[in-house]
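Please find below a colleague's note on this model. It is arranged as numbered points.

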2 protein chains.
Amino acid sequence: MVNQVQRADGSLQSCKSDSSGASNSGESSKESSRCSTPVLDADRSDRLRDKMRRRMESGDRWFSLEFFPPRTASGAVNLISRFDRMGTGGPLFIDITWHPAGDPGSDKETSSMMIASTAVNYCGLESILHLTCCNQTKEKITGYLAKAKHLGLKNIMALRGDPVGAGWEEEEEGFNYATDLVKHIRSEFEDYFDICVAGYPTGHPEAESYEEDLRHLKEKVDAGADFIISQLFFRADTFLKFLDDCRAIGITCPILPGIFPIQGYQSLRQLVKLSKLEIPEEITRVIEPIKDNDAAIRNYGVQQAVEMCRVLLDSGKVPGLHFYTLNREVAIMEVLRQLGLWIEDPRRPLPWAVSAHPKRKVEDVRPIFWASRPKSYIYRTQDWDEFPNGRWYNTHELKRFYLLVNVVYVLVKNDEAYCQTTKRCPVVDVFRGNSSSPAFGELNDYYLFYLKSKSSKDALLQMWGDELMNEESVYEVFTCYITAQPNSNGHKVMCLPWNDEPLAPETNLLKDELEKVNRRGVLTINSQPNINGKPSADPIAGWGPAGGYVFQKAYLEFFTSSENVTALLKVLKKYEPRVNYHIVNVHGRNLTNAPDMQPNAVTWGIFPGREIVQPTVVDPDSFMYWKDEAFALWIEQWAKLYEDESPSRMIIKYIHDNYFLVNLVDNDFPLESCLWQVIDDMFKMLDAPPEPEDGTVSE
Amino acid sequence: MVNQVQRADGSLQSCKSDSSGASNSGESSKESSRCSTPVLDADRSDRLRDKMRRRMESGDRWFSLEFFPPRTASGAVNLISRFDRMGTGGPLFIDITWHPAGDPGSDKETSSMMIASTAVNYCGLESILHLTCCNQTKEKITGYLAKAKHLGLKNIMALRGDPVGAGWEEEEEGFNYATDLVKHIRSEFEDYFDICVAGYPTGHPEAESYEEDLRHLKEKVDAGADFIISQLFFRADTFLKFLDDCRAIGITCPILPGIFPIQGYQSLRQLVKLSKLEIPEEITRVIEPIKDNDAAIRNYGVQQAVEMCRVLLDSGKVPGLHFYTLNREVAIMEVLRQLGLWIEDPRRPLPWAVSAHPKRKVEDVRPIFWASRPKSYIYRTQDWDEFPNGRWYNTHELKRFYLLVNVVYVLVKNDEAYCQTTKRCPVVDVFRGNSSSPAFGELNDYYLFYLKSKSSKDALLQMWGDELMNEESVYEVFTCYITAQPNSNGHKVMCLPWNDEPLAPETNLLKDELEKVNRRGVLTINSQPNINGKPSADPIAGWGPAGGYVFQKAYLEFFTSSENVTALLKVLKKYEPRVNYHIVNVHGRNLTNAPDMQPNAVTWGIFPGREIVQPTVVDPDSFMYWKDEAFALWIEQWAKLYEDESPSRMIIKYIHDNYFLVNLVDNDFPLESCLWQVIDDMFKMLDAPPEPEDGTVSE
């Protein structure tokens with residue numbers, strides 16, 4: 001996407017002396033896909049309780065964040081952006097509360113289930129789904145758990161929940177306590193889920209006594225819970241005493257304090273009412289006089305939370321802090337920064353946003369095309385049974401796999417004659433039918449909520465033009481996006497259909513090159529600079545384990561007219577075999593010089609004691625799937641803004657129908673990229689007066 | 001091996017300014033393993049007839065070489081060395097004649113079958129096995145063909161052969177003509193083999209007429225032969241007429257002229273007698289006067305062959321030349337050099353010697369340990385069903401594979417209950433039992449003929465010492481090998497048990513470093529320098545397709561005493577995580593800092609339009625197999641030179657029992673290798689006066 005072109009090229013310019021670049025296109029600006037699992041490599045395959053154990057062993061403190069599901073679809077879009085932003089700080093996990101009244105297990109985009117699934121699958125965050133069992137049948141609960149498992153959720157916070165109505169009574173064989181739910185999970189799903197339960201530092205309000213409540217807590221742990229998160233409290237002493245009391249009765253699992261930074265007067269009162277807690281006098285004394293000053297209250301809340309957290313951490317008994325965020329981010333980030341727990345520049349295990357779905361554990365290669373639409377890539381590959389690990393699958397390897405399956409079949413049937421006479425093998429058919437590994441899912445709904453543009457239709461029209469006059473109007477939109485200058489109506493172009501993120505402001509260094517090519521109708525949508533060995537710890541380009549080196553081949557992807565493509569194809573002959581290309585229109589076959597249609601590795605890393613990691617490839621097969629999506633975005637996101645048959649719509653449709661999508665790779669990564677030169681040569685050829693064939697006249 | 005240490009280090013020194021090195025340890029000196037398939041990458045998976053077709057399409061002329069099987073085992077060792085040397089010139093194929101009297105299909109090291117198998121499997125040469133059918137039963141012939149197929153041979157030269165005794169008559173249903181053999185191969189083995197048949201430019205001596213013989217040839221082709229090699233002839237015209245006559249009757253397959261450079265008076269007379277050919281008068285006239293001057297005859301033969309070949313090639317009708325070598329190399333190489341067909345620096349598809357066995361087509365990763373013993377590696381992995389392609393197998397991936405097989409099994413049986421109740425899956429057992437993929441075969445017979453030392457026992461004793469006094473005597477042998485200086489008895493040390501090749505004379509640049517460490521008992525046996533991106537066309541370090549870049553991590557492998565290892569382990573703490581190590585004694589477990597026992601890629605290449613190729617790894621699992629072999633070589637090749645219980649034998653045995661095998665990888669390939677510094681630090685620590693723990697005294 002152009003946004004990355006900008007960032008990338010900016011960095012490229014600044015590093016020109018060592019002929020290497022900086023940003024990887026797979027990593028978008030902070031706003032979008034920087035939400036990769038911000039932890040070490042080994043963390044990726046561990047379950048949550050093992051991650052906790054390892055952090056405790058190494059003495060690394062952690063934090064975690066609690067969110068509640070939003071009420072509206074646009075609230076969901078905002079919350080997911082917040083996950084992406086807060087994910088960059090490195091929470092060990094987040095958790096999503098369960099709202100029985102809000103259809104929490106449904107497929108609605110606002111349900112607890114779908115929000116947690118999105119956090120795991122699309123934002124790459126280790127997540128805990130809350131689940132309350134009160135007034136629920138076993139079948140219903142099992143259904144929720146099975147669905148959660150299917151969606152890739154691995155952690156459940158097992159709660160009783162609040163009984164509905166006053167007449168609630170214990171049911172025999174029913175779910176009366178969280179303990180029953182813990183037992184049910186363990187009996188139905190064995191060890192699949194990590195289970196968290198709630199602890200009450202001052203005792204559950206309904207418990208007969210604090211001691212009685214502690215015993216209940218021990219029962220929950222004995223039933224199979226892996227760790228405890230405490231209800232909020234206002235004094236560090238309260239939690240530390242509770243912790244000691246838990247240890248005294250033999251609770252040995254991790255117990256995390258639930259921290260509630262006071263963020264406003266009303267929210268504090270409401271929460272206190274719900275939780276039946278008393279606000280200590282020393283807090284009331286400060287808050288009451290400033291109750292109408294939101295900023296003052298928030299400042300106090302930050303300061304109070306930081307002080308309390310310091311006492312907790314200094315006790316040496318608290319391995320991590322859990323924050324009740326109320327779905328807000330400013331105060332929480334401030335507390336975490338002051339505590340030094342917010343990771344300013346988290347290590348990225350790979351250059352793109354890693355999904356936390358357990359099936360995708362081994363995934364370490366993706367096509368570059370979805371670099372600025374990682375959520376779309378995850379969506380379209382969600383039904384794959386196997387993810388590429390080490391190398392990008394190609395047809396050849398799949399064939400070998402089928403062959404192997406065939407052999408196994410013969411072994412199993414012990415009946416070679418069968419396969420030989422029928423000349424077919426049912427297993428292969430089964431696999432061909434079931435395995436969608438090589439195929440991408442359809443993406444018909446361009447308004448899937450996690451792909452939704454944050455801008456309204458009106459805002460988009462302001463940016464992209466209420467009325468387009470001709471193709472040049474479109475070039476102008478791209479150019480304005482690049483230059484960050486207002487368009488003729490005075491509106492800045494903050495996004496394009498292929499990239500929902502505004503232009504990163506600091507990257508204006510290669511503006512001239514980009515402006516020039518976009519103004520002439522080379523409509524850039526994705527790129528990365530070449531990198532010839534930057535340390536893996538490099539703050540911009542780095543990824544992967546420490547002590548390694550990362551590399552890239554320069555990449556450029558754009559739409560352009562068939563006239564330009566004709567000239568480009570002539571120019572490209574001069575750049576064989578240095579430049580590989582794929583050129584395709586919305587209907588057409590792929591014009592390419594890719595040898596044997598093999599994938600081309602364009603990002604790779606060399607690390608101590610490991611095989612080589614090559615996380616992005618330019619792959620001919622998947623380019624054809626991307627082509628469909630990239631062209632469809634013209635229509636779905638842009639043309640449909642205008643009325644049917646309107647001139648504006650016809651212009652976009654014309655581009656959609658007639659332009660080509662081009663990608664170029666400069667294989668000579670140690671040299672300065674030649675891709676701009678290629679485009680320049682193309683323009684020169686277009687500008688030159690027509691020459692007779694073979695230059696016979698000039699001789 | 002030390003030989004490579006020398007070459008490598010020499011080159012490293014000469015390239016120090018760009019902190020890269022030169023030679024890859026996987027490629028030995030020209031004498032040993034430079035026999036990789038000296039053709040382009042795509043050639044590797046093609047069958048011979050497809051290679052020919054592609055060469056004809058591109059207009060690239062080729063040559064091929066005919067050899068006969070040796071009479072003695074030492075003759076076999078010499079012939080295999082000749083294959084390695086002549087393989088470097090880039091023959092499209094070689095062929096091995098069939099000697100019915102010499103037990104040609106047996107497992108004897110001198111049999112046609114075993115020589116052809118060695119050429120394919122260990123020398124990486126595309127090879128044709130001759131086969132004669134006269135006086136043979138169908139069962140016998142089928143047995144030979146099945147054995148050839150099993151050994152990885154893919155090409156057969158189908159001949160009638162000479163009838164034994166005068167009373168030979170045609171048998172009904174028997175093999176009376178080569179045509180019968182061609183038909184038999186096609187009927188029993190379908191399209192598996194490429195089949196070559198013989199053509200007679202002046203007609204077969206037993207044929208009724210030249211025309212009758214042409215018709216027989218057409219029958220052979222129609223029966224399924226893929227190409228024709230002609231009997232020898234003395235005039236280009238003879239062959240060109242024959243070629244035209246073949247085309248005229250509809251023979252369209254390639255027809256290769258058989259070239260017989262005259263190499264001596266006696267051999268000429270003998271061959272002419274056998275083939276019932278007449279020597280043209282213009283040749284007799286020159287030869288007869290010089291018949292006692294071998295050099296003059298050979299010079300004439302070279303000149304005559306070159307002239308005839310030029311006429312053939314200039315005709316435009318001859319795509320390749322086939323040479324009857326008589327198992328000699330000088331004259332043939334001279335002819336090929338003068339014709340410009342000898343490839344002086346063949347492109348290497350990979351940095352190590354590629355085997356031509358069809359099962360190994362996809363193989364592109366090997367452990368570095370066998371770099372100077374590639375034939376041993378091929379032998380020990382010959383029973384593998386799958387070869388690593390792209391990545392080195394590790395336990396984790398095998399587990400995933402077994403899991404997959406399990407799934408297939410369940411699908412096939414459609415009986416999930418079976419597997420769940422028995423908790424085992426027979427398919428997995430079958431695979432575990434049958435597949436030796438992860439395991440290396442035993443190498444008990446250290447005198448397997450293709451691993452045999454070219455030196456006699458006496459020569460070895462002269463080099464390695466008739467009598468060893470102590471461990472320092474052994475250090476002295478290593479040091480002499482490094483310095484290329486004579487030992488105290490005045491004999492140069494030309495080989496060591498881990499490397500049968502003499503020291504490459506041109507590489508003396510890092511002699512001082514190596515001499516120093518070997519003299520102090522760091523007994524180096526293998527190494528490679530770091531390379532930070534050399535062009536793939538680099539004459540020394542290059543491999544793989546054009547336009548790419550090759551890389552290496554510095555590697556050093558040596559035996560050393562436990563005292564040294566104790567110091568080394570302390571020193572290595574300073575080099576974490578830059579240096580990975582594996583340290584093991586003959587009995588012991590692997591002391592290592594390899595993360596998760598993963599393989600470490602130490603050679604890799606980046607090429608246009610491809611995924612990354614990583615052909616050598618340091619792999620913890622296979623290092624344990626190599627360890628057994630490396631330690632065993634002390635005993636099998638060195639200690640056993642001396643009498644039982646003799647002091648010399650006890651000294652070698654002491655080293656075998658007490659020393660450690662160490663390998664070191666410097667992961668920081670862009671920087672100058674730190675491995676010599678590591679050794680230096682170890683020596684400094686050993687030389688320093690003993691310090692109290694924690695340095696308390698010095699404070």
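The points below take up chain A overall, then a strand and a helix of chain B, the cysteines, and some backbone details.

1. The model is predicted, and what follows should be read as a description of a prediction. In chain A, the secondary structure amounts to 23 helices and 18 strands. Chain A has 699 residues, of which 60% count as buried. Where contacts in chain A link residues at least 6 apart in sequence, 75% of them join residues at least 24 apart.

2. Strand β5(B), residues 194–199, is mostly covered, with six of its six residues buried. Side chains in a regular strand alternate between the two faces of the sheet. In β5(B) both faces are covered: one side carries D194(B), C196(B) and A198(B), and the other carries I195(B), V197(B) and G199(B), all of them buried.

3. The neighbours of β5(B) are as follows. Strand β4(B), residues 155–159, pairs with β5(B) in the parallel sense over four bridges, and M157(B) has C196(B) as its bridge partner. Strand β6(B), residues 227–232, also runs parallel to β5(B) and is joined to it by four bridges. Here C196(B) stands opposite F227(B). From β5(B) the chain passes through helix α7(B), residues 210–222, to reach β6(B), a β-α-β crossover that is right-handed.

4. Helix α11(B) covers residues 294–314, 21 residues in total, and spans 30 Å from its first C-alpha to its last, close to the 30 Å expected at 1.5 Å a residue. Its buried residues include I297(B), Y300(B), G301(B), Q304(B), A305(B), M308(B), L312(B) and L313(B). An α-helix has 3.6 residues a turn, so residues three or four places apart point the same way. The buried residues of α11(B) pack against several elements of chain B, among them helices α8 (236–248), α9 (265–275) and α12 (330–339) and strands β7 (255–259) and β8 (320–324). After α11(B) comes G316(B), with a positive phi near 75°.

5. From E576(A) to P577(A) the bond is cis, with omega near -10°, and P577(A) is found in the loop between α20 (562–572) and β14 (579–585) of chain A. In chain B, E576(B) and P577(B) are joined by a cis peptide bond with omega about -10°. P577(B) sits in the loop between α20 (562–573) and β14 (579–585) of chain B.

6. Two residues other than glycine have positive phi. For N327(A), phi is near 60°; N327(A) belongs to the loop between β8 (320–324) and α12 (330–339) of chain A. N327(A) has 11% relative accessibility, and because this is under 20%, N327(A) counts as buried. For D103(B), phi is near 50°, and the residue lies in the loop between β2 (93–96) and α4 (112–121) of chain B. D103(B) is partly exposed, with a relative accessible area of 36%.

Notes. Residues numbered from 1 in each chain as written. Chains lettered and ligands numbered in written order. Predicted model: local features only at pLDDT ≥ 70, side-chain atom pairs only at ≥ 80, totals over all residues. Heavy atoms only, no water. Buried < 20%, exposed > 50% of the residue type's maximum accessible area, 1.4 Å probe, protein only. Pairing = 2+ DSSP bridges. Right-handed = clockwise from strand over helix to strand, strands pointing away. Contact = heavy atoms within 4.5 Å. Expected span 1.5 Å × (residues − 1).
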